[in-house]
Amino acid sequence: PAAAKKGETRLKVLQLNVWHQTKKVSNGMEGLVGIIDQTDPDIVLLCELERGDRQFIASLVGELGKRGKTYYPDSQYMNVGVLSKYKPIRTQAMIRPEETDRAIVKAHFDINGHAVAVYSAHLDYKHYECYLPRGYSGTTWKKIDKPVVDPDSILAANRLSNRDEAISFLIADASGEIGNDNLVIIGGDFNEPSHLDWQEDTRNLYDHNGAVVNWDCSVMLAKAGYKDAYRQKYPSAVLHPGFTFPAGNKDAVLKDLVWAPEADERDRIDFIYYHPNRKVRLEDAFIVGPSQSVAHGQFVESPSGEAIIEPTGVWPTDHKGNLVVFRIR
């Protein structure tokens, strides 16, 4: 685990959706091992692991071991997972493992004397209603007659998903951790944007078509006191949109990355959140992945100045991830 100043621990957390175990990209496993090796996180939050496949996790841990990196997996073997340089004290499935559309796994760690609870989540992909303002259905992924920009209509459709229920459950569970003065970190693919990215400043950008939407999951977390690490470090969704989906992955087949071919479908739907505590300080935050995203069915470059760590090898997924650096004291 990373060293820091005396009395402090530097904790690096990587979050990444690995796109059906990296199977959609040639040499995808090599790419996943490569980006973990390159970024050297202390904790890795993964999703789309294809529940119950212990061999994939064993292979990932084994390949990292060949590069001199020792990681311990959680013991649940769900669609979501946690790898860590710290051996977990215990892990548990927060929602029944077969409910892969709202999967959450929780791991407890003792990090240099500090109790840390980490949640890895993959929320429901259905009812992906950030497509409605872009003129596409969030259930069939086909074009609709015209964009839907009324926020009440968008949110009513959005709430047909299991995302809000999963986040409500997570917040309730984590309140016990916070009550015990434990540090809480949450990461995952939420399949839903942040309200911080859909306000007045972006209403005429990225095919939002004038819509201002207070997306449920991010609003619930904000009301519960959680901080969105990337948006804490980079408050402007115009200067630093932080798009994580669809990633402009030139190692993948372009048509596999495109869901709304005539729209700018770029969004930030992958996150790392933390609950403020006197013992933890946010040091840095990055998007991890290719510099390009996909809009209107084509690769497009990210805004200049975006905080991106680009892979030195194959990129294994259709998402970008997050790398967040904390100081614990």
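Buried means under 20% relative accessible area, exposed over 50% and partly exposed in between, with a 1.4 Å probe and protein chains only. The model is predicted, so local features need pLDDT of at least 70 and side-chain atom pairs count only at pLDDT 80 or more, while totals for chains, interfaces and linings use all residues. Residues are numbered from 1 along each chain as its sequence is written, and side-chain values use heavy atoms, with hydrogens and water left out.

Select Tyr234: this residue is buried, at a relative accessible area of 16%. Rings of Phe, Tyr and Trp (its six-membered ring) pair if their centres lie within 6.5 Å; planes under 30 degrees apart are stacked, over 60 edge-to-face, and the rest tilted.

The whole structure holds 11 aromatic pairs. Go to Phe190 and Phe271, where the ring centres are 5.3 Å apart and the planes meet at 50 degrees, so this pair is tilted. Phe190 is in the loop between strand S8 (183-189) and helix H5 (216-223), and Phe271 is in strand S10 (residues 270-274), 81 residues apart. Helices (H or I, at least four residues) and strands (E, at least two) are DSSP runs, numbered from the N terminus. Both Phe residues are buried.

Next, select Tyr125, Trp141 and Trp259, a cluster linked by ring pairs.

Now the backbone. The peptide bond from Phe245 to Pro246 is cis, with omega near -10 degrees. Finish at Asn27, a non-glycine residue with a positive phi of about 60 degrees; Asn27 is exposed, at 52% relative accessible area.
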